[in-house]
Amino acid sequence: MALKVELKPHEKIIVGSCVITNTDQRAKFLIEGERLPILREKDILTPDTADTPAKLIYLAVQLMYISHDPQEHHAVYFDVMRDFLTAVPSAAGMIEEINNHILSGDYYRALKESKKLIAYEKQLLDSARGEQAGAREAGLSTAA
């Protein structure tokens, strides 16, 4: 089954171990092949953009997904995952899902679950920031 891809001008996509960059016009094409890793630019994280623990987990899984030898990245993933789980034990179910996909070799699904982990982390951080702002406001009103 072929995958239909439409790229915006200058958009990038990873196909296998190649990065393809579109020219200045929209392009459509079909990708056919057996279990070839494909990532659109919007789904690609770099070490510079992996600026939170959940994003570091995603980056490690991404590297497994596009690697010829995914096990090269297992140690980094499991180290980051353990640290994250220590800090955010409420994410245990999500981490378990990611781990199950990794251990079964389904890195694409592990990547999709890792996106959910990023969203959960953002929700926790936004909630914590809201509580901090509320506490600052309460402190200001009691100081007045």
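Two strands are taken to pair if DSSP finds at least two bridges between them. Helices (H or I, at least four residues) and strands (E, at least two) are DSSP runs, numbered from the N terminus. The model is a predicted one, in which local features need pLDDT of at least 70 and side-chain atom pairs count only at pLDDT 80 or more, while totals for chains, interfaces and linings use all residues. Residue numbers start from 1 along each chain as its sequence is written, and side-chain values use heavy atoms, with hydrogens and water left out.

Three strands form an open sheet in the order β3-β2-β5, and their pairing is antiparallel. β3 (18-21) and β5 (38-40) are the edge strands, each pairing on one side only. From one strand to the next, the twist averages 20 degrees. Angles run from 0 to 180 degrees between N-to-C directions, and axes are lines fitted to C-alpha atoms, for helices over the stretch in contact.

Strand β2 (residues 12-15) is joined to β5 by three bridges in the antiparallel sense. Here Ile14 faces Leu39 of β5. Ile13 stands opposite Arg40 in β5. In β3, Ile13 stands opposite Ile20. The antiparallel pairing of β2 with β3 runs over four bridges. These two strands form a hairpin, with two residues between them. Gly16 lies in the turn and has a positive phi of about 65 degrees.

Gln25 sits in the loop between β3 and β4 (27-31). Its relative accessible area is 54%, so Gln25 is exposed. The classes are buried (under 20% relative accessible area), exposed (over 50%) and partly exposed (in between), with a 1.4 Å probe and protein chains only. Not counting residues up to four places away in sequence, Gln25 touches Leu7 and Pro9. Contact means heavy atoms within 4.5 Å. Gln25 and His10 are 15 residues apart in sequence, and their C-alpha atoms are 7.7 Å apart in space.

Helix α2 (residues 74-87) has 14 residues, which at 1.5 Å a residue should span 20 Å. Its end C-alpha atoms are 20 Å apart, in agreement with that value. The expected span is 1.5 Å times one less than the number of residues in the helix. His74, Tyr77, Phe78, Val80, Met81 and Phe84 of α2 are buried. These residues lie on the same side of α2, because they cover an arc of only 165 degrees around the axis. The arc is that of the directions from the helix axis to the C-beta atoms. Ala75, Val76, Asp83, Thr86 and Ala87 are exposed on the other side of α2.

Helix α3 (residues 92-103) packs against α2 at an angle of about 170 degrees, with the axes 11 Å apart. The two helices are therefore roughly antiparallel to each other. Angles under 35 degrees count as roughly parallel, over 145 as roughly antiparallel, 65 to 115 as roughly perpendicular and the rest as oblique. From α2, the contact is made by His74, Tyr77, Phe78, Met81, Phe84 and Leu85. From α3, Ala92, Ile95, Ile98, Asn99, Ile102 and Leu103 take part.

The 12 residues of α3 should span 16 Å at 1.5 Å a residue, and the end C-alpha atoms, 16 Å apart, agree. Ile95, Ile98, Asn99, His101 and Ile102 are the buried residues of α3. They fall within an arc of 165 degrees seen down the axis, so they line one face of the helix. Gly105 follows α3 and has a positive phi, near 80 degrees.

Glu121 belongs to helix α4 (residues 107-143). Its relative accessibility is 8%, so Glu121 counts as buried. Leaving aside neighbours within four places in sequence, Glu121 is in contact with Thr52, Pro53, Ala54, Lys55 and Phe84. Glu121 and Arg26 are 95 residues apart in sequence and, C-alpha to C-alpha, 34 Å apart in space.
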